[in-house]
Amino acid sequence: MKKRLSRRELLISLATVGTATGLGLSCRWLEGTVPTLDLHSMGPWLGHMKHLGEAYLETSPNERQEAVLLYLLSERFAALPGGTLAERARQSVRFDFEAGDTFEAHGWVLSRTEGRLAALTLNHPVP
Amino acid sequence: MRLREFGACESAVLIDSRELPHNCTREADLCIIGAGAAGITLARQFTGFGLRVALLESGGLEREPDRHDLLRGQFEGPFRGPNDLTNSRCRYFGGTTNRWWGTCRPLDAIDFEERPWIADSGWPIGSAELEPFYRRSAEIVNIPEFEEYEGDGQLLAFNLANRQGRPRVVPKRLYRSNPPTRFGEAYRRELEDAPDVDVYLWANVLDLGRKVDGERIESARVASHPTRTFSLRAKRFVLSAGGFDIPRILLNSDLDRGGLGNHNDLVGRYYMDHTRLLVVGNWFSTDTSFGTRRARHRAEAEPPGQRGQGYQVFTPTARVQREEHLLNCGLVLHQRPARHTKISGSEPYVESYGLASALDGTRLGHGRLQVPQVSVSASGMVLDNVVKFYNEHIPLRHSRVQLLPERDPFGQRRIKVDWRTSDQMDRSVRTNLELFAREFGRANRGRLRIGFRGWSPPYSEQGRLASHHMGTTRMSRDPRQGVVDANCKVHGLENLFVASSSVFPTGGFANPTLTILALTLRLADHLQKTGES
């Protein structure tokens, strides 16, 4: 796995973690879709993710720079034993919950990894 | 209604106390006061046993306004829901089972233990002592055997175990009596036909008379009308009138000495109820198979007559409760119809929009009934995905039932309920909800929303009392710490017993009826073994 991941790669991995379902992407819909996921066609979904990202950065203001987020996520995913990026993302979320490394967004308890991935959407254009 | 003469065995009728002569005296071997789940069950255990049993019911066979008015009193507490003094009880044959929902579950083993982090916790008996009686109770209310009883984790509908294989949260089951057993309807005929059981209707017990300077109850003073009373003399008495009326009767008796059984000022204290936090949060699933396993709405429950499997409830394991000093609790992922509209066509199961609709801000935080999480069932019904939370109450000495100066039409002092909670309960609710949220996320089974914005403390806005009146004559080995002993006999009195949730020293999170029945069956065995025929 390469050391530095791009925002686009990470955003696609975001579509595979738990919040995707809560934001209207059903698991069945995601199956087989992720490799060709067109983020530009997912305006409402990205809009909601931006809300989550803002909520996360309120709890972790020192991660406001995208470069910091990309670094932290790349380091984290590289250290995990999983295979694909999607698998590593899910694994990271699971470990966050296990360690109690969570934050609250509008009452929802979400993992730090989900928060960081959501924060990456803030610089992604909504079509 | 025809009056059955005392001692006559051939007629199958109930006794209308209003037709008894004023100031007359009736006699029995065993006098049971209160014909709800406990009283009726106890009386049934004595049919054909060779003792004369008198079962006294304050009301008649249906709800009557003047009897219902006797329930009035004052209630004070962090909130006052719809289940206050008058709506939470029924003063007629069958008692509160005339309106219960039929939800049943044994207490967990840890609920009986003395837990150092919960002051005044600990029963003088353990769960193993009650287990055979729980199984007999299940027959009475027509629920299945508890396959998972004492088997934390055996009923895992999905694997919540962590990498070490040690689950922190386990699914259990809240069973449902289906349809809810109405004890008055279900067992009236049996008691009418029992030659050795006299059922007195409109028999309102005013007080119990103690033998002068003695440790025995001699008689109950009973009123069928504000101006007509009679005396019921018996060898033994059992109070089964519920968690509010049992302390009321005891405190109204022996008034000069502060009430019967009250030499340590404990009658009426330690009042507890389960608090249901109805919409404490929302949930969505990350797994489509989860939908087939979720709690089902009552409307989709089992056909009537089929033994009710009930629905799934998640609880923290006993280990986690010990390690993190938590109160016991149950969390139900519940779906209920959100509105009376349907989505057209036969949409396949569920798209879940909860997080999105919460984030768009349009339906967030407008009060208890505003639920942002919705799904669509296979039949097109719009459903709310809400989290129901059932919380254990801790025993608090200053949470209590007292007498008011105001008297009812029968001249008895009405009650005031001063219900208290504590910061420890609030903290435990919060910690438990966070635990559930983390475990569901870790297992990648979904996400929980554990409160609305500004949600704290939980009791002030979100809660509702479950009408499970517990603790007011608590059980203890030491008379200085409770009102009844391990056999439910009132400390210091030889022949007065209690069959009620009022004896619970702690109440777990489970609905109490099954435990009331188990304790009643155990008391029946005790009375029969030690009986004076």
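User: Let's begin with contacts: what share of the contacts in chain A with a separation of 6 or more comes from residues 24 or more positions apart?

Analyst: Two residues are in contact if their C-beta atoms, placed from the backbone, lie within 7 Å. In chain A, 65% of the contacts with a separation of 6 or more are between residues 24 or more positions apart. For chain B, 73% of the contacts between residues at least 6 apart in sequence join residues at least 24 apart. Before we go on, this is a predicted model: local features need pLDDT of at least 70, side-chain atom pairs count only at pLDDT 80 or more, and totals for chains, interfaces and linings use all residues. Residues are numbered from 1 along each chain as its sequence is written, while chains are lettered from A and ligands numbered from 1 in the order in which they are written.

User: Thanks! Which secondary structure elements does chain A have, and in what order do they run?

Analyst: Helices (H or I, at least four residues) and strands (E, at least two) are DSSP runs, numbered from the N terminus. Chain A has seven helices and two strands, in the order α-α-α-α-α-α-β-β-α from the N terminus on. Chain B has ten helices and 20 strands.

User: Which residues of α6(A) are buried?

Analyst: A residue is buried if 20 or more other C-beta atoms lie within 10 Å of its own, exposed if 12 or fewer, and partly exposed in between, with C-beta atoms placed from the backbone. In α6(A) the buried ones are A:R88, A:A89, A:R90, A:S92, A:V93, A:R94, A:D96 and A:F97. Across chain A, 42% of the 127 residues are buried; for chain B, the figure is 53% of 533 residues.

User: Where in chain B is B:H22, and is it buried or exposed?

Analyst: B:H22 sits in the loop between β1 (15-16) and β2 (24-33) of chain B. It has 10 C-beta neighbours inside 10 Å, so B:H22 counts as exposed. Not counting residues up to four places away in sequence, B:H22 touches B:R228 and B:T229. For contrast, look at B:T506, in the loop between β20 (496-498) and α10 of chain B. B:T506 counts as buried because it has 27 such neighbours inside 10 Å. Its contacts beyond four places in sequence are B:D111, B:I118, B:S121 and B:P395.

User: What does a positive phi tell me?

Analyst: Most residues other than glycine have a negative phi. B:W202 is not a glycine, yet its phi is positive, about 55 degrees. B:W202 lies in the loop between β7 (197-201) and β8 (204-210) of chain B, and counts as buried because it has 26 C-beta neighbours inside 10 Å. B:Y270, also not a glycine, has a positive phi of about 65 degrees.

User: Which domains does chain B have?

Analyst: Domain bounds come from an automatic or database domain assignment. For chain B this gives domain 1 (15-128 + 180-272 + 403-420 + 467-529) and domain 2 (152-179 + 275-394 + 422-464). Their contact takes 20 residues from domain 1 of chain B and 24 residues from domain 2 of chain B.

User: How many residues are in the largest nonpolar core?

Analyst: A nonpolar core is a set of buried Ala, Val, Leu, Ile, Met, Phe, Trp, Tyr and Cys residues joined through C-beta atoms within 7 Å. The largest one has 152 residues, and B:C31, B:I32, B:L55 and B:L56 have the most contacts inside it. Helix α10 (residues 513-529) of chain B gives the largest share of this core, nine residues. Both domain 1 and domain 2 of chain B give residues to this core, so it lies between them.

User: Finally, where in chain B does pLDDT stay under 50?

Analyst: pLDDT is the predictor's confidence in each residue, from 0 to 100. In chain B it stays under 50 over residues 288-301 and over residues 340-353. Where pLDDT is low, the predicted coordinates should not be read in detail. The mean pLDDT of chain B is 81, and 74% of its residues reach 70 or more.
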